[in-house]
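Subject: Structure handover

Hello,

I am passing a structure on to you. Please look through it first, and then read the notes under it.

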Amino acid sequence: MSFLRRRKGKGPNTELLNNVYEDGDEKKEERENRERKQREEEERRSRRKKWSCIDGCCWFIGCVCSTWWFLLFLYNAMPASFPQYVTEAITGPLPDPPGVKLRKEGLSANHPVVFVPGIVTGGLELWEGHQCADGLFRKRLWGGTFGELYKRPLCWAEHMSLNNETGLDRSGIRVRPVSGLVAADYFAPGYFVWAVLIANLARIGYEEKTMYMAAYDWRLSFQNTEVRDQTLSRIKSNIELMVATNGGKKVVVIPHSMGVLYFLHFMKWVEAPAPMGGGGGSDWCAKHIKAVMNIGGPFLGVPKAVSGLFSIEAKDIAVARAFAPGVLDKDVFGLQTLQHMMRMTRTWDATMSMIPKGGDTIWGGLDWSPEGFYNCSVKKLKNNGTIPAGQNEATNKSSAKGVNYGRIISFGKDVAAVHSSEIERIDFRGAVKGNNLANKTNCDVWTEYHEMGVGGVNAVADYKAYTAGEILDLLHFVAPKLMARGGAHFSYGIADNLEDPKYQHYKYWSNPLETKLPNAPDMEIYSMYGVGIPTERAYVYKVTPATECYIPFQIDTSAEGGIEDSCLKGGVFLADGDETVPVLSSGFMCAKGWRGKTRFNPSSIRTYIREYDHAPPANLLEGRGTQSGAHVDIMGNFALIEDVIRVAAGATGEELGGDRVFSDIFRWSETIDLQL
């Protein structure tokens, strides 16, 4: 027993061992806890880092969307008159819209109204297309949201193009104009064209049965709209129906922009015998039309059409190219943007209707122009009557240096300024084309410039300066297919003898200098347009460095007039107009060519000029303004809408007050030596 006790006493201390084990377990547990905490902390840190770069963006977008939907909810929940209260609180009481004002005066719907839209403002929809356009049946390819342009741009360009040989539909494609007032009330959501005028006419009692939108495919030549769609026949039938169902009251026709030329063509077509014409007889217009109120009419063409056909440019595109060099010239998302646009628009024959008409007689020569030396920096004085000739003669002389509108295209700023005797020109007409500009196999899209070669490009530039009379030869040289079609449908000269039987052909009908107005002495013609906005009149060009698939000519945006010549801005000579159409084109025919009894107006139809001096909106709340003179925005001009409503309600031009002129159109017209 003692031995056992001794052995037991000499053995290990169990309590001590237990304590040691317990202490080790506690330390191990603490260590594990610390490690777990460290892992949790690292996980929290990693989660915080991940949240900061991804979840943060999501939260930001969510906040923006939530705020947007909340504001949208408030906008829809607020009274309809609340925005007007805010506007009036800032700007003062708003004037009544013209329709409300004239209804208070007792005016009501009287003569039926016909709208004739211009180029690009009318909607076009798809009726048949290729596989890439599946699901787009009767969807708008032009106008509306332009959604398909962003989704499938190459497919869109393919379907918006016409046949380059015939100017009609391409195989397997049918794009047709939208019908009804919705065809051109809005060009895009929120961007009105005819909507404001239609709404104001409705306020005095007009409705769809007394208003008709003469929609047509504005890409086609005017005569081809009849060949393909019988559009001219439909306009004739609708006008006859409106007159018959409104007690014999004649219609008031309101064309805008290119629609002015289209309706000029219609008035000759409807009188001409079938099959070329509508067979209505020489008195059809006299029986059916009270007045033609032309808005922003390019009667004699626009220089802007020349730059568009020559280099697919206008002032805005030239500025964009200068701001981001090479972006439009090269591939954008795999597309050769300008080349695609050039190929597409050069199949639109209607664009050729707006090439300047009348040659050097109307637009000026190498050393003169009807506008003389217009001073772009001088603001005209407002006047509700005709402005006396020579009002700005003294101020214009101060800006004489360097301004020459007669040279519509000049290669180089110096060429645009010097006297013609100092310009050495080499005739381009006999130049031999060849030596292709690029390897066409690397080009996504073919343009006619690929066939010209370096020699052809240099020949164009070596001619130095082009007047309106030489522009036609230039376009025939650089765009032969385009002009071959155009020559069959349009003419740009001045008739020597209007009794010549050749002028019975439809190619002359949209040129006011090669056709006569209808025999309708009781009809009235108005020329209504904006003034006071610098408008493209001539261009300074340069030859661009040779690259693959390029367009060799470009507006030279570095050409500036400076203090001595404020009319030259970014390679573009500016004159008075509505931002698109110069005053000379809009006003000359009503100021002189048709004024009184002339060979172009043998029945002495009364003509009136109604100019609207541009006043930009005072603030953002005014939108596009109610006093705008801009080419499209003028359709919301209250003064113009009031004039239209008064005539539609029965007033005459004399009752409107006759001419209202702010520009020098009468003085400029007198400088044009045209046999009348």
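The notes below go from the whole protein to single residues.

This is a predicted model, in which local features need pLDDT of at least 70, side-chain atom pairs count only at pLDDT 80 or more, and totals for chains, interfaces and linings use all residues. Residues are numbered from 1 along each chain as its sequence is written, and side-chain values use heavy atoms, with hydrogens and water left out.

Overall

The protein has 24 helices and 19 strands; these are DSSP runs numbered from the N terminus, with helices being H or I of at least four residues and strands E of at least two. Of its 676 residues, 51% are buried. Buried means under 20% relative accessible area, exposed means over 50%, and partly exposed is in between (1.4 Å probe, protein chains only). The accessible surface is about 30900 Å², and 56% of this belongs to carbon and sulfur atoms. Such areas come from the Shrake-Rupley method with a 1.4 Å probe, and for residues only the protein chains shown count as cover. If we take contacts (heavy atoms within 4.5 Å) between residues at least 6 apart in sequence, 75% join residues at least 24 apart.

An enclosed helix

Aromatic rings

Rings of Phe, Tyr and Trp (its six-membered ring) pair if their centres lie within 6.5 Å; planes under 30 degrees apart count as stacked, over 60 as edge-to-face and the rest as tilted. The count by this rule is 28 aromatic pairs. In one, the rings of phenylalanine 411 and tyrosine 541 have centres 6.2 Å apart and planes at 45 degrees, so the pair is tilted. This pair links distant parts of the chain, with phenylalanine 411 in strand β12 (residues 409-411) and tyrosine 541 in strand β15, 130 residues apart. Both phenylalanine 411 and tyrosine 541 are buried. Another pair, phenylalanine 428 with phenylalanine 477, is edge-to-face, at 5.6 Å centre to centre and 80 degrees between the planes. Phenylalanine 428 lies in the loop between α17 (413-417) and α18 (453-462), and phenylalanine 477, 49 residues apart from it, lies in helix α19 (residues 468-478). Phenylalanine 428 and phenylalanine 477 are buried. One aromatic cluster includes Phe411, Tyr541, Phe428 and Phe477, along with Tyr463.

The charged end of arginine 425 sits over the ring of tyrosine 463, 4.2 Å from its centre. Here a charge sits over a ring if NZ of Lys or CZ of Arg is within 6 Å of the ring centre and within 35 degrees of the ring normal. Arginine 624 likewise has its charged end over the ring of phenylalanine 192, 3.8 Å from the centre.

Two other residues

Phenylalanine 73 is found in helix α2 (residues 14-77) and is exposed, with a relative accessible area of 53%.

Lysine 101 belongs to helix α4 (residues 98-104) and is partly exposed, at 34% relative accessibility. Leaving out residues up to four places away in sequence, lysine 101 touches Asp96 and Glu642. The C-alpha atoms of lysine 101 and asparagine 200 are 9.7 Å apart, while the two residues are 99 residues apart along the chain.

Regards
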